[in-house]
Amino acid sequence: MMILFGANDACLPGSDSGQHVPLEIYQNNLRRIIRHPSIQIQSPHLILVTPPPVNEYACEESDAAKGIVGTRRTAEHTMAYADACQRVGDDLGVTVIDLWSCCMRIAKHEPGQRLPGSKQVRRNGYLDEVLSDGLHLSPAGYRTLLELTMRHIQRVWPDQSPDALAYVHPPWPVAPKIEPQDSEGP
């Protein structure tokens, strides 16, 4: 079971979106989901996924197209939610796929430097590619998430790798065939 929350929660406090969730409540919500009896009773393999970074340039453009003025998200604020997600996973012994850090590495972020996606640095082409509107993953962003997830599954739970799983239904060559009905009718 994958849990990917935080991109919308990391909206700035007081923004008109109404989506902001304070960091402490965000962390508690993740803990409550993971510890919920209906989750625990199933003993699933759990994976927390950090929120992806934001591209402030694209967010501003997307918001402006909707008539929204003002900054609702920043790269630095979203980083705090990615870090908090990682801490929850560490505290509870739950695997974390660090999508935020992966994107930062590919975007060539250097520790101690301003964050790619911030309007305090030049626009980052990689973030334009993986975030459709500066916030939500694009097909390329989902591809990155899929690759990270599959690598993790193959490393940690190899018996759950798609190649290791049995078919639920028989493969096509051995599946029972139904003869086509006479199309003439009575």
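Buried, in turn, means under 20% relative accessible area, exposed means over 50%, and partly exposed lies in between, with a 1.4 Å probe and protein chains only.

Colleagues, the model before you is predicted: local features need pLDDT of at least 70, side-chain atom pairs count only at pLDDT 80 or more, and totals for chains, interfaces and linings use all residues. Residues are numbered from 1 along each chain as its sequence is written, and side-chain values use heavy atoms, with hydrogens and water left out.

Let me begin with the largest core. Which of its members touch the most others? They are Val49, Ile97, Leu99, Tyr126, Leu127, Val130 and Leu145, out of 26 residues in this core. The elements that give two or more residues to this core are strand 2 (47-49), helix 4, helix 5 (99-106), helix 6 (125-130) and helix 7 (139-156). Helices here are DSSP runs of H or I with at least four residues, and strands are runs of E with at least two, numbered from the N terminus. Helix 5 supplies the largest share of this core, namely 5 residues. Apart from this core lies another, of 15 residues, which includes Ala10, Tyr26, Leu30 and Val94.

I turn to helix 5 itself. Its buried residues are Leu99, Trp100, Cys102, Cys103 and Met104. They pack against strand 2, helix 4, strand 3, helix 6 and helix 7, where contact means heavy atoms within 4.5 Å. Just after helix 5, Lys108 takes a positive phi of about 70°.

Next, helix 7. It has 18 residues and reaches 25 Å from its first C-alpha to its last, close to the 26 Å expected at 1.5 Å a residue; the expected span is 1.5 Å times one less than the number of residues. Which residues of helix 7 are buried? They are Ala140, Gly141, Thr144, Leu145, Leu148, Thr149, His152 and Ile153. The cover over them includes strand 1 (2-3), strand 2, strand 3 (95-97), helix 5 and helix 6.

Setting aside neighbours within four places in sequence, Thr144 is in contact with Leu99, Cys102, Tyr126 and Val130. With that same exclusion, Leu145 is in contact with Met2, Leu4, Val49, Ile97, Leu99 and Leu137. Gln154, also found in helix 7, is partly exposed, because its relative accessible area is 42%.

The strands form an open sheet of 3, in the order 1-2-3, with parallel pairing. Two strands pair if DSSP finds at least two bridges between them. Strand 1 and strand 3 are the edge strands, each pairing on one side only. Between strand 2 and strand 3, which run parallel, there are 3 bridges, and Ile47 has Thr95 in strand 3 as its bridge partner.

Before strand 1 comes the segment that holds Met1. Is Met1 buried or partly exposed? Its relative accessibility is 39%, so Met1 counts as partly exposed. Met1 and Leu46 are 45 residues apart along the chain, yet their C-alpha atoms are separated by 4.9 Å. Beyond neighbours within four places, the contacts of Met1 are Ile33, Ile39, Pro44, His45, Leu46 and Ile47.

Ser118 lies in the loop between helix 5 and helix 6. With a relative accessible area of 1%, Ser118 is buried. Residues up to four places away in sequence aside, Ser118 touches Glu56, Tyr57, Ala75 and Glu76.

Finally, the aromatic rings. A search of the whole structure finds 1 aromatic pair. This pair, Tyr26 and Tyr81, is tilted, at 5.2 Å centre to centre and 55° between the planes. Rings of Phe, Tyr and Trp (its six-membered ring) pair if their centres lie within 6.5 Å; planes under 30 degrees apart count as stacked, over 60 as edge-to-face and the rest as tilted. Why does the pair tie together parts that are 55 residues apart in sequence? Because Tyr26 lies in helix 1 (residues 23-35) and Tyr81 in helix 4 (residues 75-92). Tyr26 counts as buried at 1% relative accessibility, and Tyr81 counts as buried at 1%.

Methods:
Core = buried A, V, L, I, M, F, W, Y, C linked by side-chain atoms within 4.5 Å.
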